[in-house]
Amino acid sequence: MAEANCTPVTEFSLTGFTEDPVTQITLFLMFLLTYLVTILGNLGMILLIRASPQLQSPMYYFLGNLAFVDLCSSTIITPKMLVDFVSEKKGIAYAGCVAQVFSFDLLGVTECFLLATMAYDRYVAVCHPLLYSLVMSPRCCFQLVTGSYLMGLTNGVGQTISLSTLSFCSSSRIDLFFCDISPLISLSTSDKTLSHIILRTSASLLGVSSSLVVLVSYMAIISTILSINSAEGKRKAFSTCTSHLTTVSIFYGTSIFMYLKPSSDSIRDDKWAVMLYTVVTPMLNPLIYSLRNKEVREALRRLTTRQ
């Protein structure tokens, strides 16, 4: 009865990181720089791949889509966070919160499957090089990327449905700097059974399946590399995977730390863990590929000397 008489929440308040004005300005400048590097890095990677003939291969087709997803995922969180650093009222409308949950969950799972697709691409390149052009055809690459976005869309729709079943009456305070489904479920005053089922099913089916593709692919890659007799052959084979392996390690390392670690006694520690996953990781991916990949550096050199 109390549930029926409650007043629905139309706006949520975000606690952010701190209330100290000096610290807020410092964090604002730090995250603004991080966001600018993220935008320039990922947008630059997309334009470089489109403009360079030597980067017209499946691996860079997937990398271009990964840069696009990182660009979008950072944009749905960081600008709002920057505004909150310089605003007295750190609020977000219910509709905006729903949109943020949908977009974040869509892009998060899409990135999981793109990384899995890139791992499969490296598996074919290392373990079956003679069949690479046949297996990784343009049609197959398009289908793999489309499938990644569809998996992300499935997750986004599922979490949005989960959110729509929740009622928020007693509190509208989210102890985070953006809307995420987990704290919203905890905040709800209604029955949370369906929301928990959707969240756990999504994590099990989508998250675990994409992780297994990455794991199995790299087990096969390592086995193939170890079977190569020459040290030079091993070095060349491993060099084709180092950038992606670094990206995978950062993404899954931060996501596991964010979602599977025990709850910290300090809420601030949890916020910094989430920040590492949502804000810093999208900035690192283009830097990793530009610094560690000779083909990207060479394409950039040719493009700049041509101007």
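A disulfide here is a pair of cysteine sulfur atoms within 2.5 Å. By that rule, the whole structure holds 1 disulfide. This is a predicted model, in which local features need pLDDT of at least 70 and side-chain atom pairs count only at pLDDT 80 or more, while totals for chains, interfaces and linings use all residues. Residues are numbered from 1 along each chain as its sequence is written, and side-chain values use heavy atoms, with hydrogens and water left out.

**Stop 1: the disulfide**

Select Cys97 and Cys179. Their sulfurs are joined, S to S 2.1 Å. Look along the S-S bond: the angle about it is -120°, and the link is left-handed. What does the pair tie together? Cys97 sits in helix H5 (residues 94–127) and Cys179 in the loop between strand E3 (173–174) and helix H8 (181–187), so the bond ties parts that are 82 residues apart in sequence. Helices (H or I, at least four residues) and strands (E, at least two) are DSSP runs, numbered from the N terminus.

Are the two cysteines buried or exposed? Both Cys97 and Cys179 are buried. Buried means under 20% relative accessible area, exposed over 50%, and partly exposed in between (1.4 Å probe, protein chains only).

Now select Cys72. Cys72 is in no disulfide, and the nearest cysteine sulfur, that of Cys112, is 16 Å away. With 23% relative accessibility, Cys72 counts as partly exposed. Then try Cys140. Its closest cysteine sulfur is in Cys141, at 5.7 Å, which is too far for a bond.

**Stop 2: zoom out**

Show the whole chain as a cartoon. The protein chain has 13 helices and 3 strands. Its C-alpha trace spans about 70 × 40 × 35 Å along the principal axes. For 307 residues, a compact globule would have a radius of gyration near 19 Å; the chain has 21 Å, which agrees. That radius is taken over C-alpha atoms, and the globule rule is 2.2 Å times the number of residues to the power 0.38.

Of the 307 residues, 45% count as buried. Contact means heavy atoms within 4.5 Å. Among contacts between residues at least 6 apart in sequence, 78% join residues at least 24 apart.

**Stop 3: the annotated spans**

Color the UniProt spans. The unreviewed entry lists "transmembrane region" for residues 25–48, 60–79, 91–116, 203–226, 238–260 and 272–291. UniProt positions are given in the numbering used here, feature names are shortened, and annotations may be inferred rather than shown by experiment.

Take residues 60–79. The end C-alpha atoms lie 28 Å apart, and the span is 90% helix and 0% strand. Next, take residues 91–116. Here the end C-alpha atoms lie 36 Å apart, with 88% helix and 12% strand.

**Stop 4**

Select Ile46, in helix H2 (residues 21–51). Ile46 is buried, at 16% relative accessible area. Leaving aside neighbours within four places in sequence, its contacts are Gly64, Ala67 and Phe68. Ile46 and Phe68 are 22 residues apart in sequence and 7.2 Å apart in space, C-alpha to C-alpha.

Move to Ser52, in the loop between H2 and helix H3 (58–75). At 2% relative accessibility, Ser52 is buried. Ser52 and Leu300 are 248 residues apart along the chain, yet their C-alpha atoms are separated by 8.3 Å.

**Stop 5**

Select helix H4 (residues 78–85). Thr78, Met81, Leu82, Asp84 and Phe85 are buried there. Where do they sit around the helix? Viewed down the H4 axis, the buried residues fall within an arc of 160°, so they line one face. The arc is that of the directions from the helix axis to the C-beta atoms.

Step on to Lys90, in the loop between H4 and strand E2 (91–93). Lys90 is buried, with a relative accessible area of 10%. Beyond its neighbours within four places in sequence, Lys90 is in contact with Phe12, Ser13, Leu14, Thr15, Glu19, Gln24 and Asp84.

**Last stop: Phe104**

Return to helix H5 and select Phe104. Phe104 is buried, at 7% relative accessible area. Its C-alpha atom is separated by 18 Å from that of Leu205, 101 residues apart along the chain.
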